[in-house]
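The briefing below is meant to be read alongside the sequence and the coordinates. Topics are grouped so that each residue can be located before its surroundings are described.

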Amino acid sequence: MSWDVVARKEFRDALRSKGLWVLSLVFTAFFVIPAAAALWFDVGIRGGQDVGMQLLIRVIYLNIVTLFLPLVAIFAGYAAISKERTSGSLKLLLSLPHSRKDVIIGKVVGRCGVVGVPLAGAFIVNALFLIASRLTFKPGLYVTFALFSLVFALVMVAVAVSISGAVENSLYSIIGNMTFFVSITFFWNLWANSIGDGLWDYLGITGAANWTTVLFLKLLNPSQAYKTIMNSMLGDGGNAERSARFSMFSGANGSEQATICNDVLAGEANTTQTIFGGTQTSCLETAQSVPLYFSDGAALFYLLLWIGLAAAVSYYTFNQYDL
Amino acid sequence: MAAIELEGVRKQFGEVTALEGVDLTVEEGEIYGFLGPNGAGKSTTINVLLDFVRPTDGTARVLGHDVREESKAIRERTGVLPEGYDVYDRLTGREHLEFVIDSKDAYVDPAELLDRVGLDQEDAERKAGGYSKGMAQRLVLAMALVGEPDLLILDEPSSGLDPNGARMMREIVREENERGATVFFSSHILGQVESVCDRVGIIQDGTLIAEDSIENLQEATDVETTLTVVVDEATDAVVSAVRDVAGVTGVDRSADELTVTCSDDIKMAVLNAIEEAGGEVEDFDTHEPSLEELFAAYTDGTDQPQSRAATASAEGDA
């Protein structure tokens with residue numbers, strides 16, 4: 001085992017990058033603004049203190065994490081290997097008794113530490129604001145949020161480092177990383193739905209089978225997997241998991257939502273009139289639980305699968321590469 | 001057991017063949033000079049030893065381990081000064097050494113090693129990004145020495161060093177060898193190899209064209225010294241007098257200029273012979289064989305430099 005030595009070196013080295021510090025500060029500032037605002041404007045004075053923190057995390061923080069944390073992770077990891085390859089310091093590193101696998105693992109862990117330290121700082125400062133505010137601070141839930149965010153960061157760093165090891169230079173790495181980021185952030189649902197439509201139009205796969213496929217594809221997106229796990233954790237009661245999955249289909253119409261709830265998530269669709277005359281479908285609890293492959297555990301597994309995928313990419317590219 | 005064993009190692013980079021079947025053995029405890037012009041395949045060979053590149057064909061073993069299967073075991077016992085490296089800009093010299101010490105599980109005082117390669121305490125605390133090429137080379141040499149490795153692989157170790165640095169490098173190579181380490185180092189400069197090596201391998205165009213002891217190599221070098229003498233009048237008597245000097249292998253006359261091929265130590269004898277035969281030396285110039293000429297001499301076994309000189313003088317006549 002020698003990846004820990006590489007990880008320590010990486011941590012020491014990357015910690016001195018000024019750019020990374022600036023980015024971490026910007027991220028921390030972004031991160032703290034909502035909680036600071038909640039304190040400043042005395043949010044919760046008219047009630048709602050009890051669910052205020054959950055609401056704040058769900059509506060604002062999950063978006064901050066999925067939008068900005070990947071950018072920090074990319075910045076911390078995109079040059080991890082490509083820069084050493086271009087400069088030649090990789091020759092010094094691989095002259096030492098480290099296998100290429102050790103190098104990849106050490107780089108991921110080290111760079112993850114570099115992201116994790118400011119992230120932990122942001123979470124702590126943020127917690128202080130929340131505690132000071134009128135909203136009820138729930139330590140268990142907050143720590144859960146922090147830990148899953150760290151897992152998400154780890155996945156993103158692993159992907160960034162493996163892309164860095166797979167390509168010729170840092171320019172290609174940043175292009176690859178940004179393509180990945182834009183894909184999971186803005187285009188994934190479009191693709192998932194298009195595949196669903198394609199199955200419907202060309203293969204005649206309709207109804208539950210079709211929606212099952214689409215949900216599965218959606219969950220494969222690391223960003224959405226993280227979000228839906230968190231939504232489930234933030235919700236109360238036994239139906240939180242189902243509600244979290246169900247809310248991934250907010251764009252579907254009433255009858256589609258009923259199919260998704262009843263036949264895909266083993267729930268019971270309940271359609272009600274809204275005060276504006278439209279209808280709203282919610283997915284209620286049943287005796288059955290959500291299918292295993294759509295559970296929180298499965299979503300976490302899909303999220304972690306990206307680390308495996310990153311490792312496989314590294315193995316077939318960086319490991320085979322002639323220096 | 002041999003420290004390094006290459007058998008039929010071939011390396012193809014796309015269309016380009018960098019190595020075409022190199023067989024090479026370095027015995028334990030020797031200092032082996034790996035000589036060749038730039039681009040001959042020296043670095044590729046070294047990269048194969050360290051598993052930086054994977055041979056297309058053939059097998060390579062270092063310290064008894066296969067380079068592909070047990071590379072880590074090799075690198076645990078090997079100190080490397082690679083070619084075309086870069087140091088970590090943001091880490092200090094000392095931190096570089098600490099990283100190597102941790103990596104190799106060694107117990108050494110970084111200050112001691114830095115002192116040995118001529119870097120002082122102040123340098124050690126500076127970030128390596130601000131080092132000159134020579135300082136970086138010294139630092140990486142110190143890194144190679146961590147943990148008393150059984151094998152030192154040094155790729156063009158003197159590049160970037162001033163004459164003092166090059167001398168220090170040779171001293172360290174000798175010291176390490178006396179300690180019991182095998183040293184394998186590459187160079188494109190004959191002089192560097194001559195002074196320290198037990199044995200020399202010469203590579204050209206991806207093929208090992210000769211492997212020889214340093215004495216034999218020096219002999220080959222001497223044979224090829226070319227002496228150009230301008231005399232007032234190059235009479236037949238002068239030419240035959242020169243030809244009669246023991247050790248002269250060829251004389252070419254071109255107007256009043258004589259091109260004499262001889263061993264290095266009889267230059268004075270040649271000049272004396274010319275004077276005695278009634279010629280007056282107006283000017284003379286010696287031409288040490290270049291590495292390329294040495295290679296040429298080795299490649300086809302004939303005395304290439306001499307025939308090249310003959311060609312030159314023939315052209316001069318025309």
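This is a predicted model: local features need pLDDT of at least 70, side-chain atom pairs count only at pLDDT 80 or more; totals for chains, interfaces and linings use all residues.

**Loop residues with positive phi**

Glu148(B) is exposed, with a relative accessible area of 55%. Glu148(B) sits in the loop between α6 (133-145) and β7 (151-155) of chain B, and although Glu148(B) is not a glycine, its phi is positive, at about 40 degrees.

- Asp205(B), a residue other than glycine, also has a positive phi, near 50 degrees, and is placed in the loop between β9 (199-204) and β10 (207-213) of chain B.
- Asp205(B) has a relative accessible area of 57%, and because exposed means over 50%, Asp205(B) counts as exposed.

**Chain B as a whole**

- Chain B contains 13 helices and 14 strands, and buried residues make up 53% of its 318 residues.
- Of the contacts in chain B with a separation of 6 or more, 69% are between residues 24 or more positions apart.
- The accessible surface of chain B is about 13600 Å², and 44% of that surface belongs to carbon and sulfur atoms.
- Gly250(B) lies in strand β12 (residues 248-254) of chain B and counts as buried, at 9% relative accessibility.
- Between Gly250(B) and Ala2(B) there are 248 positions in sequence and 42 Å in space, taken from C-alpha to C-alpha.

**The contact between chain A and chain B**

- Chain A contributes 31 residues to the contact and chain B contributes 30 residues, and together the two chains bury about 2800 Å², 54% of it on carbon and sulfur atoms.
- Within chain A, the residues that lose the most area to chain B are Arg16(A), Leu92(A) and Pro97(A), which together make up 24% of what that side buries.
- Between chain A and chain B there are seven salt bridges, and 17 residue pairs are in polar contact, with both residues at pLDDT 80 or more.
- On the side of chain A that touches chain B, the elements giving two or more residues are α1 (3-14), α4 (82-87), α5 (89-95) and α6 (100-132) of chain A, and α1(A) gives the most, with seven residues.
- By class, that side of chain A has ten nonpolar, ten polar and eleven charged residues.

**Salt bridges between the chains**

- Arg12(A) and Glu95(B) meet through their side chains in a salt bridge, at 3.8 Å from N to O.
- Lys91(A) forms a salt bridge with Glu83(B), and the closest N and O atoms are 4.0 Å apart.
- Lys91(A) is in helix α5 of chain A, whereas Glu83(B) is in the loop between β6 (78-81) and α3 (93-104) of chain B, so this pair joins two chains.

**Salt bridges within a chain**

- Over all chains, the structure holds 28 salt bridges.
- In chain B, the side chains of Arg199(B) and Glu211(B) meet in a salt bridge of 3.8 Å, N to O; Arg199(B) lies in strand β9 and Glu211(B) in strand β10, so the pair ties together parts that are twelve residues apart in sequence.
- Arg199(B) is partly exposed, with a relative accessible area of 22%, and Glu211(B) is partly exposed as well, with 33%.
- Lys9(A), Glu10(A), Glu84(A), Lys107(A) and Arg111(A) are joined into one network by salt bridges that share partners.
- Arg8(A) and Asp4(A) form a salt bridge through their side chains, 3.9 Å from N to O, and both lie in helix α1 of chain A, four residues apart, about one turn of the helix.
- Arg8(A) counts as partly exposed, at 45% relative accessibility, and Asp4(A) is partly exposed, at 22%.

**Two buried helix residues in chain A**

- Leu219(A) is found in helix α9 (residues 207-219) of chain A and is buried, with a relative accessible area of 0%.
- Not counting residues up to four places away in sequence, Leu219(A) touches several residues, including Ala225(A), Arg245(A), Met248(A), Phe294(A) and Tyr302(A).
- Gln224(A) lies in helix α10 (residues 222-234) of chain A and counts as buried, at 13% relative accessibility.
- With residues up to four places away in sequence again left out, Gln224(A) touches Trp188(A), Asn189(A), Lys218(A) and Met248(A).

Key: Residues are numbered from 1 along each chain as its sequence is written. Chains are lettered from A and ligands numbered from 1 in the order in which they are written. Side-chain values use heavy atoms; hydrogens and water are left out. Contact means heavy atoms within 4.5 Å. Buried area is the accessible area (1.4 Å probe) that two parts lose on being put together, summed over both. A polar contact is a pair of N or O atoms within 3.5 Å; within protein, one must be able to donate a hydrogen and the other to accept it, and residues adjacent in sequence count only if both atoms are side-chain atoms. Ala, Val, Leu, Ile, Met, Phe, Trp, Tyr, Cys and Pro count as nonpolar, Asp, Glu, Lys and Arg as charged, and the others, Gly among them, as polar. Buried means under 20% relative accessible area, exposed over 50%, partly exposed in between (1.4 Å probe, protein chains only). Accessible areas come from the Shrake-Rupley method with a 1.4 Å probe; for residues, only the protein chains shown count as cover.
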